Amino acid sequence: MGEKITRPVDTAGPVQKKLIAEGLKRRPHILPLAGGPFPGDGGADISGFPLNDPELHQAFLERQVECTPEAISIVDPGQRILSVNAEFTRMFGFDPDETLGKSIDALILPRDRTSETSAMGQAVSRGETVGLATERHRKDGTLVEVFISSAPVVVSGVLVAVYRS
């Protein structure tokens, strides 16, 4: 693992490259990938949507999580799964409907690793973001090496979920 570093493929068109360069000089923007709403890119026109629209923002975030090449699960404070992305499904072998509402530890935690999740859970409940290189079980029982990153999701001062990748 980690023996070879590869460069990402350059898929940005000339219009996107110009906007990225301009954006780096100012504040950050949400820029779509190829096929986005730029002239000549063939994307949908979203000019009628205000960029601060909560529904549009939510759609961007959901798509970003789903398309991320890392396994992601979002769990409630009791470690019950609220959502998983496609890479989680591929990596661990569980369909989303097999995971929702289930304890993430019951699904993928090896018995000899319970102290890890206890320590991580305590740190996250204190508002810390933590990471750990470890192993987890797939659905078929085989072990897979993982790096777990956990961060609290706090709304109005209350821990409502934990983001784990």
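Tutor: Let us begin with exposure: a residue is buried under 20% relative accessible area, exposed over 50%, and partly exposed in between, with a 1.4 Å probe and protein chains only. Glu98, at 23% relative accessibility, therefore counts as partly exposed. This is a predicted model, in which local features need pLDDT of at least 70 and side-chain atom pairs count only at pLDDT 80 or more, while totals for chains, interfaces and linings use all residues. Residues are numbered from 1 along each chain as its sequence is written, and side-chain values use heavy atoms, with hydrogens and water left out.

Student: What percentage of the 165 residues of the chain count as buried?

Tutor: The buried share is 26% of the 165 residues.

Student: In what order do the elements of the chain run from the N terminus on?

Tutor: Helices (H or I, at least four residues) and strands (E, at least two) are DSSP runs, numbered from the N terminus. Here there are 6 helices and 5 strands, in the order α-α-β-β-α-α-α-α-β-β-β.

Student: Which residues have the most contacts inside the largest nonpolar core?

Tutor: In soluble globular proteins, nonpolar side chains tend to be buried together. A nonpolar core is a set of buried Ala, Val, Leu, Ile, Met, Phe, Trp, Tyr and Cys residues joined through side-chain atoms within 4.5 Å. The largest one here has 18 residues, and Ile81, Phe88, Met91, Phe92, Ile104, Ile108 and Val146 have the most contacts inside it. Two or more residues come from each of β2 (81-84), α3 (86-92), α5 (104-108), α6 (114-125) and β4 (143-155).

Student: With which residues is Ile108 in contact, leaving aside its neighbours within four places in sequence?

Tutor: Contact means heavy atoms within 4.5 Å. By that criterion, Ile108 touches Phe88, Phe92, Phe94, Arg136 and His137.

Student: How many salt bridges does a search of the whole structure find?

Tutor: A salt bridge is a side-chain nitrogen of Lys or Arg within 4 Å of a carboxyl oxygen of Asp or Glu. The search finds 8. One of them joins Arg90 to Glu87 (2.5 Å, N to O), both in helix α3 and 3 residues apart, about one turn of the helix. Arg90 counts as exposed because its relative accessibility is 58%, whereas Glu87, at 16%, counts as buried.

Student: Where do Lys139 and Glu98 lie?

Tutor: Lys139 forms a salt bridge with Glu98, their closest N and O atoms being 2.6 Å apart. This pair links distant parts of the chain, 41 residues apart: Lys139 is in the loop between β3 (130-137) and β4, and Glu98 is in helix α4 (residues 96-99). Lys139 is partly exposed at 44% relative accessibility.
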